[in-house]
Protein chains: 4
Amino acid sequence: MQLGLIGLGRMGGNMADRIRAAGHEVVGFDHHPDKRDVGSLAELVEKLAAPRVVWTMVPAGEITESTIDQLGELLSDGDLIIDGGNSKFTDDQPRADRLAAKGIGYMDCGVSGGIWGSQNGYALMVGGDAKNVAKAMPIFEALKPAGEFGFVHAGPVGAGHYTKMVHNGIEYGMMQAFAEGWELLEASEYVDNVPGAFKSWREGSVVKSWLLDLFDRALDGDPELAKLKGYAEDTGEGRWTVDEAVRLAVPLHVIAASLFTRFESRQPDSPAMKAVAALRQQFGGHAVIS
Amino acid sequence: MQLGLIGLGRMGGNMADRIRAAGHEVVGFDHHPDKRDVGSLAELVEKLAAPRVVWTMVPAGEITESTIDQLGELLSDGDLIIDGGNSKFTDDQPRADRLAAKGIGYMDCGVSGGIWGSQNGYALMVGGDAKNVAKAMPIFEALKPAGEFGFVHAGPVGAGHYTKMVHNGIEYGMMQAFAEGWELLEASEYVDNVPGAFKSWREGSVVKSWLLDLFDRALDGDPELAKLKGYAEDTGEGRWTVDEAVRLAVPLHVIAASLFTRFESRQPDSPAMKAVAALRQQFGGHAVIS
Amino acid sequence: MQLGLIGLGRMGGNMADRIRAAGHEVVGFDHHPDKRDVGSLAELVEKLAAPRVVWTMVPAGEITESTIDQLGELLSDGDLIIDGGNSKFTDDQPRADRLAAKGIGYMDCGVSGGIWGSQNGYALMVGGDAKNVAKAMPIFEALKPAGEFGFVHAGPVGAGHYTKMVHNGIEYGMMQAFAEGWELLEASEYVDNVPGAFKSWREGSVVKSWLLDLFDRALDGDPELAKLKGYAEDTGEGRWTVDEAVRLAVPLHVIAASLFTRFESRQPDSPAMKAVAALRQQFGGHAVIS
Amino acid sequence: MQLGLIGLGRMGGNMADRIRAAGHEVVGFDHHPDKRDVGSLAELVEKLAAPRVVWTMVPAGEITESTIDQLGELLSDGDLIIDGGNSKFTDDQPRADRLAAKGIGYMDCGVSGGIWGSQNGYALMVGGDAKNVAKAMPIFEALKPAGEFGFVHAGPVGAGHYTKMVHNGIEYGMMQAFAEGWELLEASEYVDNVPGAFKSWREGSVVKSWLLDLFDRALDGDPELAKLKGYAEDTGEGRWTVDEAVRLAVPLHVIAASLFTRFESRQPDSPAMKAVAALRQQFGGHAVIS
């Protein structure tokens, strides 16, 4: 089938390759002129035969919002937009409503897999109507890994991004668990071969996982991670997961702590610990003056 | 080669099968008369040709300690004891010292893999001298999974149990991450197909892992986990990991929180929250009276 | 001066007494007929001479919002509304804008002190214009404790409720700290006289505080808190504090954990711990079946 | 009465002053020659009439241990040693047993109050026999604040240090709660007068406390804490509290997190966050290279 794909960066570009490799036609647009098949959204829409399916894979937030709004102007009754970016789940239903007024369908699709998805397939989490899911299924089939896993129709519009959000929250917790274990092993005098320990766990152990495989790969290249700074950005998903925990009264000790350690990693000095230092100085005469 | 194996329960019994399947001779002892090959430790030692290798796979603590002490009496110069149980790493060097006085070697081997190890192989984390590791390598080869992973000689005596301890600490964090994500998805109105979401992540996603495979298996049988209580024991390893974090000044937010939630799961009512309720009643007139 | 006061419950009723005791005239309205001075908001407005000052002390959310909207209809250019309830800080500026269109002033005032405020005075945290603050200062003076503390003009509209929100977040953390310490002392075999320990800290110790005084009072009446359930509601402030931490990338380990333990206290069984139990059953055969 | 006091530093020196001000005779020893009344422990013992009471106020650990051992050699049947330092509670009973063999009594006394104790009085938490408590009561009366609070006989030997340990654990949590609240207020655009907010809470508010008074004092001198580094040592008590939580299966989310943030404050770069950065780089191409 034909697919319009907007956003041909690290994720979108690889996805286009995988979809084409499955025998589909991709008409790609990007703001970088050298990657794209068409020079404008209007041209992209023109190149597709109705009913059209257009996939947005651009940065979440304003860019996605304005792209979808422009598509809403250009597309027609019976067409379908799928947002595969990391949009917030609360943006999905309002978009669907706006588009529905013109008869345009909308689905959200959380995409996991990072830079490895092009070869391994992407895990897809979809929110939308069954009819729209069926319409786009050939594309989902092309993107997902071979086999029975890697795709879920999670619920109505919004469920895809919501599922992806929680997926990423879990990912934060798993990464932090490995990170803490590594720090402890490195700090201890008991274990000589820390990279070997992580490598050994890749088969037979309870912590066997793709993240572990990746961590072993990182340690292969830099056994003490000496080339890296202890600095980690967070993405919207981690924050929204904690916001949802607060909204729904769900205790997320581990995921929240994982988010907070990322915040800390970006602080050159901790304001809170200045306050602790101030208190210690006041009652005990202890403090480190900068 | 020949191996004396003490403890033929869920773990030890499966391990004996796997070692035998690899062509080795196992002489097994257990306190249950129907499982064992010999009626006593003395008989076990007698049946093995020197230099002997004896593996203990009994509950950590007093039983392991007394078993090793008895073996110390029965074995001879040049023999080797491997403790594959969940002993605390600080017990290893004292044992090694006691046994060395009689010329008996000692190694510790953390074993991961649960009830699945018999078919998949066990991840083995070994602490001890290179000479002793070499001596027992045929047994390690039989137990570990096929392929390049699943075995590490982590360092001197104690390093095996230490590595296993940290492995389990990481495991606590990963389990809690999945658990929190599942609770949030179940609590939310956005996602209809929660079991389907977890199943989909088994390929292509960043959280792909053996724990996820097991969780999907659990949800297959009981999609809302309605048959289970929210009750989880902890084992020594989780506690020792936090103790080590305290000793070494390593911040383990996630692993400690995972341990604490297990403590909470076993409290019929939370004393701390009674105190919070008491305070709320005092200043605001709020409280739930039992 | 004259004050219109809407809401004569536990907080508002005590505040009215304290304001009157300072020599001011309070015209009170409540939906309970037996407490009120006037039968309607319209009558309240009529009884006050312009320029009027009206204080709302009703439950946050819809009731406050509709009360302020009704007052907006009844009041005139030059009048002033002060919301002393626990409104969310993001509601304040929109209200101020709506009222400004009619020339009505608006301030937010966070009020702390609980049921003790009537005798000790209330801590007041005010957001608004300096001109409006000056106008209401006699009322603030009446409500606040004697002495130099207990009042802050924290910033523009919204700053009062924001400051109160963070105050309550800190309060959550302090309460949880006492609660955890109490649970540990109760659990330990080392200390016989736990209530005596808390009582002793009321003077001379670093943890000397009003919350400690209140906790001692609670233990005086019920030394093991046997009459209470470990159940604690949370209020909007705790949740908004964590939401703000997420928005501003501020790591709030302690305040978030304090909120999460309140969530947990209200769960008859923990879904997350069911998931942990499910995983333990899958890999190790452990689980508690309900 | 007469008291031998060993250790005349910041704490011990102030305590000597307070005891003398109450009319008692203090014979002080310190390793600094200019502060002390006697030149040796032997001389100190000689100057005291039997039955003697000797108070040790020296750094916890080896110095306290060797001081008490030396006193054990010098003192006689019927004498009494009180350790007022920050010893670990598990050291107390072994000391008591060693001294009991010679008929020498032993008590542990946790002391809180910091540099302010000399004027306000010290909070005292005592473990030991009722008979010994009675013998030293005049000294306790001199040290404690006026009024009914500030002293507890918490239980048998060890109970004093245990109570002090938990007290400090609570203190960690309270300090962190204030610190987090301050960081959030500083980070937010809603509040202009952050020092004023903290000052206002000193009366009337639920967070009214001595720590708040001290924090206000710190902000008076340095309103943005610009002169301080976000660096905080921890003392044994915080660590032992978490160790005890682990031993007794008590969930201490807040106190453990407060300890961990102190650990973090002393790390120039976070190893765990390097691991997170490594993982992000592996799956997504994100990382900050040092």
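This is a predicted model: local features need pLDDT of at least 70, side-chain atom pairs count only at pLDDT 80 or more; totals for chains, interfaces and linings use all residues.
**Chain A**

Chain A has 290 residues, and 62% of them are buried. It contains twelve helices and seven strands. Along the principal axes, its C-alpha atoms fill a box of roughly 75 × 45 × 40 Å. Consider the contacts in chain A between residues at least 6 apart in sequence. Of these, 65% join residues at least 24 apart.

**The interface of chains D and A**

Values for this pair of chains are tabulated here.

| Property of the D–A interface | Value |
|---|---|
| Contact residues of chain D | 54 residues |
| Contact residues of chain A | 54 residues |
| Buried area between chain D and chain A | about 5,000 Å² |
| Share of buried area on carbon and sulfur atoms | 64% |
| Salt bridges between chain D and chain A | zero salt bridges |
| Polar contacts, both residues at pLDDT 80 or more | 15 residue pairs |

The largest share comes from helix 12 of chain D, with 14 residues. By class, this side of chain D has 27 nonpolar residues, 14 polar and 13 charged.

**Chains A and B**

Two copies of a chain are related by a rotation about an axis and a shift along it. Here, a rotation of 180° superposes chain A on chain B, with 0.0 Å of shift along the axis and an RMSD of 0.1 Å. That is the relation of a two-fold axis. In chain A, S209(A) has the C-alpha nearest the axis, at 1.9 Å. Both copies use the same surface: 100% of the contact residues of chain A recur in chain B.

**D243(D)**

D243(D) sits in helix 10 of chain D, which spans residues 236–248. Is D243(D) buried or partly exposed? Its relative accessible area is 22%, so D243(D) counts as partly exposed; the cut-off for buried is under 20%. Which residues does D243(D) contact, leaving aside its neighbours within four places in sequence? They are D243(B) and V246(B). Within chain D, A256(D) lies 13 residues from D243(D) along the chain, and their C-alpha atoms are separated by 9.5 Å.

Methods
Residues are numbered from 1 along each chain as its sequence is written. Chains are lettered from A and ligands numbered from 1 in the order in which they are written. Side-chain values use heavy atoms; hydrogens and water are left out. Contact means heavy atoms within 4.5 Å. Buried area is the accessible area (1.4 Å probe) that two parts lose on being put together, summed over both. A salt bridge is a side-chain nitrogen of Lys or Arg within 4 Å of a carboxyl oxygen of Asp or Glu. A polar contact is a pair of N or O atoms within 3.5 Å; within protein, one must be able to donate a hydrogen and the other to accept it, and residues adjacent in sequence count only if both atoms are side-chain atoms. Helices (H or I, at least four residues) and strands (E, at least two) are DSSP runs, numbered from the N terminus. Ala, Val, Leu, Ile, Met, Phe, Trp, Tyr, Cys and Pro count as nonpolar, Asp, Glu, Lys and Arg as charged, and the others, Gly among them, as polar. Copies are superposed by least squares on the C-alpha atoms of residues with pLDDT of at least 70 in both. Buried means under 20% relative accessible area, exposed over 50%, partly exposed in between (1.4 Å probe, protein chains only).
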